[in-house]
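Reader: I would like to learn how to read cavities, pockets and helix packing in a model. Could you take me through them one at a time?

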Amino acid sequence: IVENAHFTPEVETLRRGRTGYLGNDLSYTLNASPNHHRALLAAMRYAVREKSDHPPHMDFPISCYFDRATRFRPKDTVVRGLYAKYLLDAMKQKDEASRQVDISVQHAGDNPMTHHNAGLLYFELGEFDKSAERAARARELGYPRDDLIDKLKAINRWPTEAPMPAASSASSTAREKP
């Protein structure tokens, strides 16, 4: 109901509000569902566009919506990653962004995409050792893309003895046997 009435494609793409002001519809969505990933992303973009942590017609500053989302679902790694990105890019709060990525990693478990995304954020933060650790973990878990590894290689921060994914290691071993 919230998405049909308030978080329409026009709101998500920041073209216009559905029931009035854009900020009102974003606020309504985030008040109803604090960890709505796409609405948080739209709110981030709205704040950047308006050059304000408290864009027009929003009930609270964007940082407060992230605070609510992390309290609502503390183990939501997507929210933590989005919050870190917002803190880094929009608020220039590198230490707090790093802390959010650290929390995301604590809850990542065996999710290769979370490890990969955390690695990308650590790379942006200039924390290259942590970035390489996350890239290696994502690779171990079978993450298929090498974009983060390529970035690390480009700055000579990818270890030469990095682990291979289980499937690739097994297939290369099979090819080497006579």
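Reader: What volume does the largest cavity have?

Author: Before the value, please note that this is a predicted model, in which local features need pLDDT of at least 70 and side-chain atom pairs count only at pLDDT 80 or more, while totals for chains, interfaces and linings use all residues. Residues are numbered from 1 along each chain as its sequence is written, and side-chain values use heavy atoms, with hydrogens and water left out. On a 1 Å grid over the protein atoms alone, a cavity is a set of points where a 1.4 Å probe fits but cannot get out, whereas a pocket is an open set with protein on both sides within 12 Å along at least five of seven lines; lining residues have an atom within 4 Å of a point. Grid points are joined across faces, edges and corners, and a volume is the space filled by probe spheres set on the points. Here the largest cavity has a volume of about 50 Å³, and the count is one cavity of 30 Å³ or more.

Reader: Which residues line the largest cavity?

Author: The lining consists of His116, Ala135, Ala138, Arg139, Tyr143, Arg145, Leu148 and Ile149. Helices are DSSP runs of H or I with at least four residues, numbered from the N terminus, and H9 gives the most to this lining, with three residues.

Reader: What is the volume of the largest pocket, and which element gives the most to its lining?

Author: The largest pocket has a volume of about 340 Å³. Of its 17 lining residues, Val78, Gly81, Leu82, Asn117 and Leu121 are the closest to the centre, and H8 gives the most to the lining, with seven residues.

Reader: At what angle do H7 and H8 pack?

Author: Two packed helices are described by the angle between their axes and the distance between the axes. Axes are lines fitted to C-alpha atoms, for helices over the stretch in contact, and angles run from 0 to 180 degrees between N-to-C directions. Helix H7 (residues 94-106) and helix H8 (residues 112-125) pack at about 160 degrees, with their axes 10 Å apart. That makes H7 roughly antiparallel to H8, a term for angles over 145 degrees.

Reader: Which residues make the contact between H7 and H8?

Author: Contact means heavy atoms within 4.5 Å. On H7 the contact is made by Lys94, Ala97, Ser98, Val101, Asp102, Ser104 and Val105, and on H8 by Thr114, Ala118, Leu121, Tyr122 and Leu125.

Methods:
Helix = DSSP H or I, 4+ residues; strand = E, 2+ residues; numbered from the N terminus. Parallel < 35°, antiparallel > 145°, perpendicular 65-115°, else oblique.
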